[in-house]
Amino acid sequence: MSHPFSLTLVDPPKHRRILSGKWVYKLKRGPHGEVIRYKSRWVVRGFTQEEGIDYDETFASVVKPMSYKALFAIAAALDLEIEQMDVKTAFLYGYIDYEIYVEQPHHMTDGTSRVCKLRKALYGLKQAPRIWYQTLTNFLRNLGFEPISADLGIFVRSNTYIAVYVDDLLIVGPSIAEIKKIKRSLRSRFQMTDLGPCSYYLGMSVQRDRQNRILYLSQEAYINKVAHQFGISNGAPVSTPIETSPLPENSPGYSCPPDQRIIYQRLVGSLMYIMLGTRGDIAYAVSMASRHLANPGPQHLKLTRRILRYLNGTKGLRLTYKGQPQMLKGFTDADWGGCRDTRRSTAGYLFNIGSGAISWQSKRQSVVALSTCEAEFLGQTQATKEAIWLRRLLNELNMSQGKAATIICGDNQGAIALSSNPQYHSRTKHMEIQRKWQGEVQDTGTVELQYVPTTEQIADGFTKPLARQRFEWFRRGLGIE
């Protein structure tokens with residue numbers, strides 16, 4: 001046992017819950033799906049814990065997809081070193097603040113009815129991720145790293161960054177000697193695997209052409225795994241993830257069989273992970289599929305399989321970051337009343353700092369818009385909020401956006417005029433608060449909305465299904481090559 005004294009054997013206390021546990025066996029796979037390690041772990045069945053009795057807080061911050069993509073884009077442009085480390089059995093390091101008792105591991109008992117009183121966390125405990133995050137944060141602070149306010153999963157010391165995703169550490173910086181020193185310090189405190197230059201991160205393979213300052217992110221191995229899992233590895237490829245014709249409605253009174261619903265939900269979850277990682281081109285199709293999780297019909301199952309066939313046929317495409325870092329720039333667009341069930345609109349945005357998008361979204365709005373102008377205006381608000389957060393993130397990553405406003409391109413002149421021109425109108429009364437806020441943001445010079453014609457609006461692909469040529473143009477605009 002690499003973590004001595006993490007528990008003591010005691011007689012079962014009266015009036016205390018004894019948590020049960022189980023052995024979990026797992027395969028750790030590499031970038032090409034090959035098996036790297038066989039793992040076995042004794043875990044606690046945390047779902048039997050009760051809040052206030054066995055734990056309080058459980059939230060632990062992990063680095064956001066937008067943040068690590070921004071880091072990759074910066075590292076590619078400035079030719080920074082990207083190294084990776086993995087903490088072995090991360091959750092077993094933190095000391096717990098509650099009295100917790102767990103049964104003895106099966107097949108390893110001492111023959112008595114005694115139970116384990118935990119001193120340190122075990123996998124499966126609700127509070128384990130939080131305790132680990134605090135343990136690691138305290139150690140990194142001793143090394144002079146501070147978490148940034150825009151994303152508590154990223155720690156900065158001058159121009160060296162550490163991105164933390166539970167037990168996965170990404171260390172980015174200009175000096176390899178400095179990084180080696182940080183690694184030595186980390187190894188002196190935690191048992192770690194040094195994975196060297198980053199080549200595989202959170203299910204994405206990372207490839208670099210350092211001479212030309214290009215970095216590629218791809219999820220080919222994960223797409224292969226999902227395609228195999230859902231039996232479409234040999235399905236005929238398609239050129240777009242969703243047809244341009246509208247999806248038919250469910251027939252009245254239709255109810256999806258539970259086993260089919262579970263398969264559908266698992267498939268949408270897998271597609272969502274691919275979409276958030278590197279493939280923004282399927283965002284609209286996944287958004288459409290995820291609206292029917294509660295009662296998917298055959299046509300929705302067909303849609304998810306089509307998205308997967310599209311991915312399987314284009315798995316060689318990679319999200320590409322290249323060229324010098326530029327100022328943050330965004331695109332925002334919305335359709336009007338496109339959802340036939342609710343008549344709500346779908347809005348989307350994307351942001352980049354040069355080539356390759358670092359943040360994107362395609363989402364049905366939460367209210368019904370009364371005009372195209374209003375739908376676009378509500379979409380602008382979401383994009384503006386994202387722009388403010390990304391500016392903060394980039395400033396804290398020493399990629400200062402300076403005094404210049406972030407340009408967001410929209411293709412509706414009415415919505416742009418409405419946000420900067422505060423004329424009061426009975427038709428805009430219900431948008432008053434959002435309009436005031438957008439006006440203030442523009443007055444402070446943080447964000448500036450600019451008009452682009454629809455033909456140049458990259459975010460178009462987040463709001464409606466596109467025909468093949470237009471879709472391929474949209475995909476290139478995202479930096480997927």
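User: What is the bridge partner of Leu9 in E7?

Analyst: The bridge partner of Leu9 in E7 is Cys116. The model is predicted, with local features needing pLDDT of at least 70, side-chain atom pairs counting only at pLDDT 80 or more, and totals for chains, interfaces and linings using all residues. Residues are numbered from 1 along each chain as its sequence is written, and side-chain values use heavy atoms, with hydrogens and water left out.

User: How do you know that E1 and E7 pair?

Analyst: Two strands (DSSP runs of E, at least two residues, numbered from the N terminus) pair if DSSP finds at least two bridges between them. E1 and E7 are joined by four bridges and run antiparallel; they therefore meet the criterion for pairing.

User: What joins E6 to E7?

Analyst: Strand E6 (residues 101-102) and strand E7 (residues 115-118) run antiparallel and are joined by two bridges. In E7, Tyr101 has Lys117 opposite, while Val102 has Cys116 as its bridge partner.

User: What makes E1 and E2 edge strands?

Analyst: The open sheet has four strands in the order E1-E7-E6-E2, with mixed pairing. Strand E1 (7-10) and strand E2 (18-19) each pair on one side only, and they are the edge strands.

User: Why is H1 called oblique to H8?

Analyst: Helix H1 (residues 65-78) packs against H8 at an angle of about 50 degrees, and their axes are 11 Å apart. That angle makes H1 oblique to H8, because angles under 35 degrees count as roughly parallel, over 145 as roughly antiparallel, 65 to 115 as roughly perpendicular and the rest as oblique. Axes here are lines fitted to C-alpha atoms, for helices over the stretch in contact, with angles running from 0 to 180 degrees between N-to-C directions.

User: Which residues of H1 and H8 meet?

Analyst: Met66, Ser67, Ala70 and Ile74 in H1 meet Glu386, Trp389, Leu393 and Leu394 in H8, contact being heavy atoms within 4.5 Å.

User: How do you know that the span of helix H10 agrees with its twelve residues?

Analyst: The expected span is 1.5 Å times one less than the number of residues. For helix H10 (residues 432-443) this gives 16 Å, and its end C-alpha atoms are 16 Å apart, so the two agree.

User: Which residues in H10 are buried?

Analyst: Glu432, Arg435, Gln438, Gly439, Val441 and Gln442 are buried. These buried residues pack against helix H8 (372-396), helix H9 (413-420) and strand E21 (447-451). Just after H10, Gly445 has a positive phi of about 80 degrees.

User: Why is Gly269 called partly exposed?

Analyst: Buried means under 20% relative accessible area, exposed over 50%, and partly exposed in between (1.4 Å probe, protein chains only). Gly269 has 39% relative accessibility, and therefore counts as partly exposed. Gly269 is found in helix H5 (residues 258-277).
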